[in-house]
Amino acid sequence: YLVSGQKIYITYGEHDMAKNIVHLVLARTPDAPEGVKGISLFVVPKFLVNADGSLGERNDVHCISIEHKLGIKASPTAVLQFGDHGGATGYLVGEENRGLEYMFVMMNAARFAVGMQGIAVAERAYQKAVQYAKDRVQSRDLAGSPGPVAIIHQPDVKRMLMTMRGYIEASRALAYYAAAAYDAQHASPDEASRKQSQAVYEFLVPIVKGFSTEMSIEVASLGVQVHGGMGFIEETGAAQHYRDARILTIYEGTTAIQANDLIGRKTVRDGGATAKLFSEKIQQTEKDLASSGTADAKAALKQLTAARIAFESAVEFIVANSKTDVKAVYAGSFAYLRLCGLILGAWQMARALLAAQELRAGDPNFYDAKIATARFFAENLLPQSQALATSILESGHSTNALSAEQF
Ligand SMILES: Cc1cc2nc3c(=O)[nH]c(=O)nc-3n(C[C@H](O)[C@H](O)[C@H](O)COP(=O)(O)OP(=O)(O)OC[C@H]3O[C@@H](n4cnc5c(N)ncnc54)[C@H](O)[C@@H]3O)c2cc1C
């Protein structure tokens, strides 16, 4: 095939780290059906490859620009021009018109991976903030001290560090839970359990992508705040994490696209069955927390139960109204994604709390920190669930109230 046209936003579309660059390109054949059903997938190499594997002629695909960006500046984002000199040679992958389906194999893996990218950037922002908070001496201790102390002793700095740490640990635990479901989907010997693991994994992918990346922006922003004025000065590196995190809620599908997927394909399509399965799993953890009976477990239980009820009310509203009041339901899609991230993250943290209580003797310092972080997540971050459920159930009409002209 001879491919022509222009592609923008091509990550690593041009670089000098390899002798050849193999582009996977979605394009339409001349008589393809309208819309997404007419998209095919092609391999278009920068250099054509000879029969013996050596590099041959330069193909007619050229980088005409590298974008200037807010962040991820080490990642070249190319504008590629195909076929200005007669057509770029492309080789069809698989069958014609099935390109979008093939692309989604990559896309589903990429969405999970971008979620992990969010966790990684957030983790680095946290490490840097902790280091700075221990080094920076400013103000006396609230409980009294002979002179100024490191800012890590101030309760509000602890609040920021605990928030960062809580979001990161919860998002990471949830991503690992999703990864285990993916493995079980492929490796479980039992057909029914493979099916259930698949539903669990597919439900979690938009949450791992959407929640972990939204939280990474929040965490990186807190990282800047912990540094005070120095956070705004490039030298400390805190601002770079904030700028780098900003793309993560955009590429491989914006948060809104993840939230639409979570509502439409993952919640409504099966009548809320997978969402209810999570609710049952959370109730099992509530029972475990109750039988543990420690003060930490009781504190986590109180918040987890309240948040689970809020989650159930949101699921019920979405399933009941998705046909009759679709715009009101989708007005709450972002809040629903965030609510799912919070409740499922808190559930993982509660499981971690229980495990840490069992294992405590092996490494008290580590496990006590795990227990404290899980309790903080439940008491400080998870209560947002109530507000999110209210906005899902109540604000659909006010969100949609203004006409386009009224903006
Ligand atoms: C640095 C960078 C690297 C990239 N790398 C690649 C790459 O290598 N390959 C590649 O193919 N693409 C790449 N992209 C493209 C990227 O995936 C898209 O920019 C992204 O998916 C958003 O699409 P869009 O830009 O068309 O935004 P739009 O779709 O125009 O979205 C604009 C706004 O409208 C909202 N919106 C749009 N539709 C809906 C809807 N149905 N419901 C609710 N809200 C909606 C969005 O959430 C967003 O807030 C890259 C982009 C950037 C910036």
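Which polar backbone atom is 2.8 Å from a nitrogen atom of the ligand? The model is predicted: local features need pLDDT of at least 70, side-chain atom pairs count only at pLDDT 80 or more, and totals for chains, interfaces and linings use all residues. Residues are numbered from 1 along each chain as its sequence is written, and side-chain values use heavy atoms, with hydrogens and water left out.

View 1. The backbone atom belongs to Tyr9, 2.8 Å from a ligand nitrogen. An N or O atom in the side chain of Thr11 is 2.6 Å from a nitrogen atom of the ligand, and a polar side-chain atom of Asn260 lies 3.1 Å from a ligand nitrogen. The protein buries 47% of the 970 Å² that the ligand exposes when taken alone (Shrake-Rupley method, 1.4 Å probe).

**View 2. Surroundings of the ligand.** The ligand is surrounded by 14 residues, the closest being Tyr9, Thr11, Thr254, Ala256 and Asn260 (a heavy atom within 4 Å).

**View 3. The largest nonpolar core, with 86 residues.** Such a core joins buried (under 20% relative accessible area, 1.4 Å probe, protein chains only) Ala, Val, Leu, Ile, Met, Phe, Trp, Tyr and Cys residues through side-chain atoms within 4.5 Å. Leu161, Phe203, Leu204, Tyr336 and Leu344 have the most contacts inside this core. Domain 2 (101-253) and domain 3 (256-393) both give residues to the core, so it lies between them; the bounds come from an automatic or database domain assignment.

**View 4. Contacts of Leu344 (heavy atoms within 4.5 Å).** Not counting residues up to four places away in sequence, Leu344 touches Leu174, Phe203, Leu204, Ile207, Phe278 and Ile282.

Methods: Buried means under 20% relative accessible area, exposed over 50%, partly exposed in between (1.4 Å probe, protein chains only). A polar contact is a pair of N or O atoms within 3.5 Å; within protein, one must be able to donate a hydrogen and the other to accept it, and residues adjacent in sequence count only if both atoms are side-chain atoms.
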